Protein chains: 2
Amino acid sequence: MSIAQLEYFVAVAEEGHLTRAASRLHISQPPLTRAVHRLESELGVSLFERTSRGMLLLPAGERLLTRAKEILSLVERTRREATRTPDGKPTHLPERPSSS
Amino acid sequence: MSIAQLEYFVAVAEEGHLTRAASRLHISQPPLTRAVHRLESELGVSLFERTSRGMLLLPAGERLLTRAKEILSLVERTRREATRTPDGKPTHLPERPSSS
DNA sequence: TCAAATTACGGTCGACGTAAGGATC
DNA sequence: GATCCTTACGTCGACCGTAATTTGA
């Protein structure tokens, strides 16, 4: 279960279509369907019901969607906070010495 | 920033030594030092001060450590909940038809 | 027949491990 | 000299994209 996998899953769940989700993520369908299958396989549950009209979220998928959003939100918050102190003072960058 | 990267970071932060953290993670030092460097580069901050005795957590590292633990804890919780309904009823597995 | 998901296949990028190289006490 | 962390280098696995296949309205 990777962060990218969760982003993919959320996109599919929210769009309801693999095709539209792929477009939103700027990738093609194959990596997306594979990622979802792999996620289901890893967790051991079916997350979607595949119909000819799109992807329908199952109960297990709904529960995961909630958590996935929490995780992604926390990750995003962590990214933002990392570069700034709690006081808002920016931290110094770890520049590599170039020449001199 | 990947989940594995956060696991690596937490191990180094808690052990205080790259060597010991690598041993705990069952990997060698090179991937570990690279992962930490990459994380610092991605975030744009120094997380550790490298001394001849080990890795010393900087303020930015301490803040990240807190968040990283939260994320990993939430991920673990998500993994556990994924296979069970809130009521505790196990969900059916999406078994691939093998033969029969 | 059309639209949607899936599988096949080839290429590329990332991550690991072994080995060698500083740096500090 | 011992103990860290780091860089070099080669290999292997993961992910993506294009193309072809399958399934259902």
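The surface near DNA strand C is made up of seven nonpolar, eight polar and two charged residues (Ala, Val, Leu, Ile, Met, Phe, Trp, Tyr, Cys and Pro count as nonpolar, Asp, Glu, Lys and Arg as charged, and the others, Gly among them, as polar). This is a predicted model, in which local features need pLDDT of at least 70, side-chain atom pairs count only at pLDDT 80 or more, and totals for chains, interfaces and linings use all residues. Residues are numbered from 1 along each chain as its sequence is written, while chains are lettered from A and ligands numbered from 1 in the order in which they are written.

Of the 17 residues around DNA strand C, those that come nearest are Leu18(A), Thr19(A), Pro30(A), Thr33(A) and Pro31(B); a residue is near a strand if its C-beta atom, placed from the backbone, lies within 6 Å of it. Helix 3 of chain A gives the most to this surface, five residues. At least two residues each come from helix 2 (18-25), helix 3 (29-43) and strand 2 (54-57) of chain A, and from helix 3 (29-43) of chain B. Helices (H or I, at least four residues) and strands (E, at least two) are DSSP runs, numbered from the N terminus.

The two protein chains can be compared directly. Chain A is superposed on chain B by a rotation of 180 degrees with 0.0 Å of shift along its axis (RMSD 0.1 Å), by least squares on the C-alpha atoms of residues with pLDDT of at least 70 in both. That is the relation of a two-fold axis. The copies meet through the same surface, because 100% of the interface residues of chain A are also interface residues in chain B; contact requires C-beta atoms, placed from the backbone, within 7 Å.

Note on methods
Two residues are in contact if their C-beta atoms, placed from the backbone, lie within 7 Å.
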